[in-house]
Structure formats: structure tokens, C-alpha cells
Amino acid sequence: MSIQWYPGHMNKARRNIVEAMPAQDVVLEVLDARMPFASENPVLAELRGLKPCVKVLSKSDLADPEATQLWLRYFESTGAATSKRGQVKAIAISSERAAETRTRIADVCGLLAKPTRGRKTARALIVGIPNVGKSTLVNTLAQRKIANVGDEPAVTKGQQVVLLKNGMTLSDNPGIMWPKIEDPSGGMRLAFGGAIPDSALDYESVALFGASFLLAQYPDLVIKRYKLTELPKDASALIDEIGRRRGGLRAGGAIDRHKAADILIHEFRTGALGRISLERPPAV
Ligand SMILES: Nc1nc2c(ncn2[C@@H]2O[C@H](COP(=O)(O)OP(=O)(O)OP(=O)(O)O)[C@@H](O)[C@H]2O)c(=O)[nH]1
Ligand SMILES: [Mg+2]
């Protein structure tokens, strides 16, 4: 199953990013720390051109800390090697650690964002795919609730410019996708993580994808969460087992697989299953 989702407001959001780009000193590209590759929009690399860029690995509280360290090293080393694409740095943040986020952003912007044209303070454009925590980051940096946030994709519908107390100008943008997701498993990871609205998904296929990944990579977390005595033989058996234990049975004794799929997806997204990363970087 391939996943496509490109609602109309994203074209306008893209045009706004193109218009705002020349005046920016740095681009803060927010990625999902659990899947930095799948959540990296190829269109944004094109739009930023040679602008310095910070890869902000958000939701790091939900990601496997070991994988996040590997990703930071990966982006730092590939960033240093790709001067053709402008300077790249990487940091990891979490909404639970607001003060640390402010320090990390200030430090990295101090290194990368040199204000130009006689200005004393920098301008930063916040971009990324939907639901990765862009508006949450704006609120953390502004230290007040200035942007709407929500646990579903496409909450922000228009560009919003915010002036911080330290003089820095931030521009929050709607999350944008790209017209065609070439890699079907990347699409599945995005769906499992919550970047695509549930209405555009086949819930059970997404849960089967997630179940099969978890059985292979995080079997101990699966056993612990669902209090299993042994590992189910495959993804479908895991969904059945969750249904049996947690989802209740339909009339006649059939397992409610849709409900079981919902439980697995929800418990991955909220971190109830544990700290899980869906991707690891290639060796560099
Ligand atoms: N666990 C965790 N949740 C986070 C973090 N940052 C944001 N969230 C949650 O992720 C969801 C999406 O956050 P938003 O800030 O609205 O995301 P966005 O990138 O602005 O989304 P769009 O406007 O739809 O593109 C919300 O439920 C946030 O509370 C984080 O660091 N950790
Ligand atoms: Mg937003």
C-alpha cells in the first residue's frame, strides 16, 4: 500500500516558504527523532538552497537514545562534508525539557545564524513535515503559547511570524509533505508515527507494518507491554494477541482487529511501548 497525502494548503505554504527564504539567516528543519530520514522532506532541501540549516530532532523523549546519538553524529559528519548544500548542524530536543531546548537552539543559532544587512539579530524559518513539533518549538522559544499545537497533522494552516524577547525573529510554517513518497516503507513509518492523518490510512496495514518492525527490533518491549509469555510468530498474530488481551471480542468471539491496531499505533505514538526509533543511520 502506498501512502499519498498532499492537501491544497501545502502548495500555498510552500510558496510562502519560497518567498520568506531570502530574508532568513538560518533554517530550523524539524525532524521526527524516531525517523529522521522518513521525515526529511526532499522539497525543503531544494527550497533552502545554501542557507545554513539546523536539523532539529524533535520528540527525542520518544526515540531510542542510542539511535538519536547515532543520528546526531551522522548529520554532523555528512553536514560537514556537504558544504555544497550550506552548513548543517544537528541537535536533539524534547518538549519536556524546555530550558535545555532554548539553550541548544541559542547555541547553534549563535554558531550558524549570522544576521545580515545591518541587522543585529537573526531570522529563522521553522519548517518540516506535519506534526513533528514545529509550533511546540515556537512556543518553547517564545516562552508562551503563541502558536496552536495539536496531536494531529496539519494543525498550523498559515505562516506566523513571532518576535522573541532576545530580538530573534521566528517564522512558524504549516507542515508540508511532498507530492509523491517514493519509498513505501518510509510512507509507512510516517503513517505509524502520526505524520499522515488517520483518515488517509488503512489502519490495519499500518499496524501490521509497525507490529512486524517491533517484533524484529524491540521484542522485549512488546513482551513487557502486552504481558506476553512468548513472542507471537508474526505481525498478524501479535495484533490478534493484543485484541484478545486488550481490545475485547466482538459478538461471536471474533477478535476486534481494528481496535487492536488502534491500540498498537496509539501506544507507539505516545511512548507507552517505550523509547523506539524506526530508523538508524547508515554508517559514515
Ligand atoms: N512527546 C513529545 N511530544 C511532542 C514534542 N513536541 C511536540 N509534541 C507533540 O506533538 C504534537 C504536534 O505538535 P505541533 O507543535 O502541533 O506540531 P507541528 O509540527 O506544528 O504540526 P503541524 O502544524 O500540523 O505541521 C502535539 O501533540 C505536541 O504536544 C516532544 O518533544 N515530545
Ligand atoms: Mg504547527
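Two residues are taken to be in contact if their C-beta atoms, placed from the backbone, lie within 7 Å. The structure is a predicted model, in which local features need pLDDT of at least 70 and side-chain atom pairs count only at pLDDT 80 or more, whereas totals for chains, interfaces and linings use all residues. Residues are numbered from 1 along each chain as its sequence is written, and chains are lettered from A and ligands numbered from 1 in the order in which they are written.

The chain contains 10 helices and six strands, where helices (H or I, at least four residues) and strands (E, at least two) are DSSP runs numbered from the N terminus. For 284 residues, a compact globule would have a radius of gyration near 19 Å, and the 20 Å of the chain agrees with this; the radius is taken over C-alpha atoms, and the globule rule is 2.2 Å times the number of residues to the power 0.38. Along the principal axes, the C-alpha atoms fill a box of roughly 75 × 35 × 35 Å. Of the 284 residues, 42% count as buried, a residue being buried if 20 or more other C-beta atoms lie within 10 Å of its own, exposed if 12 or fewer, and partly exposed in between, again with C-beta atoms placed from the backbone. Among the contacts in the chain with a separation of 6 or more, 68% are accounted for by residues 24 or more positions apart.

Helix 5 (134-142) is largely enclosed by the rest of the structure, because seven of its nine residues are buried. The buried residues of helix 5 are Lys134, Ser135, Thr136, Leu137, Val138, Thr140 and Leu141, and they pack against strand 1 (26-32), strand 2 (53-58), helix 4 (98-112), strand 4, strand 5 and strand 6 (169-172). In the loop between strand 4 (123-128) and helix 5 lies Val132, which is buried, with 27 C-beta neighbours inside 10 Å. Leaving aside neighbours within four places in sequence, Val132 is in contact with Val30, Leu31, Asp32, Ser39, Ser58 and Gly175. The C-alpha atoms of Val132 and Glu152, which are 20 residues apart along the chain, are separated by 9.7 Å.

Helix 5 is followed by Gln143, whose phi is positive, near 60°, in a residue other than glycine. Gln143 is placed in the loop between helix 5 and strand 5 (160-163) and counts as exposed, with 12 C-beta neighbours inside 10 Å. A positive phi, of about 50°, is also found at Lys227, which is not a glycine. Lys227 is placed in the loop between helix 8 (219-225) and helix 9 (235-247), and it is exposed, with 8 other C-beta atoms within 10 Å.

Helix packing was described with axes that are lines fitted to C-alpha atoms, for helices over the stretch in contact, and with angles that run from 0 to 180 degrees between N-to-C directions. Angles under 35 degrees count as roughly parallel, over 145 as roughly antiparallel, 65 to 115 as roughly perpendicular and the rest as oblique. Residues at the contacts were classed as nonpolar (Ala, Val, Leu, Ile, Met, Phe, Trp, Tyr, Cys and Pro), charged (Asp, Glu, Lys and Arg) or polar (the others, Gly among them).

The axes of helix 7 (residues 203-217) and helix 10 (residues 257-269) come within 9 Å and cross at roughly 55°, and the two helices are therefore oblique to each other. The crossing of helix 7 past helix 10 is left-handed, a term used if the near helix is turned anticlockwise from the far one by less than a right angle, and right-handed if clockwise. Tyr203, Glu204, Val206, Ala207, Gly210 and Ala211 of helix 7 meet Arg257, His258, Ala261, Asp262, Leu264, Ile265 and Phe268 of helix 10; the residues of this contact comprise eight nonpolar, two polar and three charged.

Helix 9 packs against helix 10 at an angle of about 95°, with the axes 8 Å apart, which makes helix 9 roughly perpendicular to helix 10. Ile239, Ile242, Gly243, Arg246 and Gly247 of helix 9 form the contact with Arg257, Lys259, Ala260, Ala261, Ile263 and Leu264 of helix 10, and these residues divide into six nonpolar, two polar and three charged.

Helix 6 (residues 184-193) and helix 7 pack at an angle of about 100°, with their axes 9 Å apart, which makes helix 6 roughly perpendicular to helix 7. In this pair, Met188, Ala191 and Phe192 of helix 6 meet Val206, Phe209 and Gly210 of helix 7, and the contact has five nonpolar, one polar and no charged residues.
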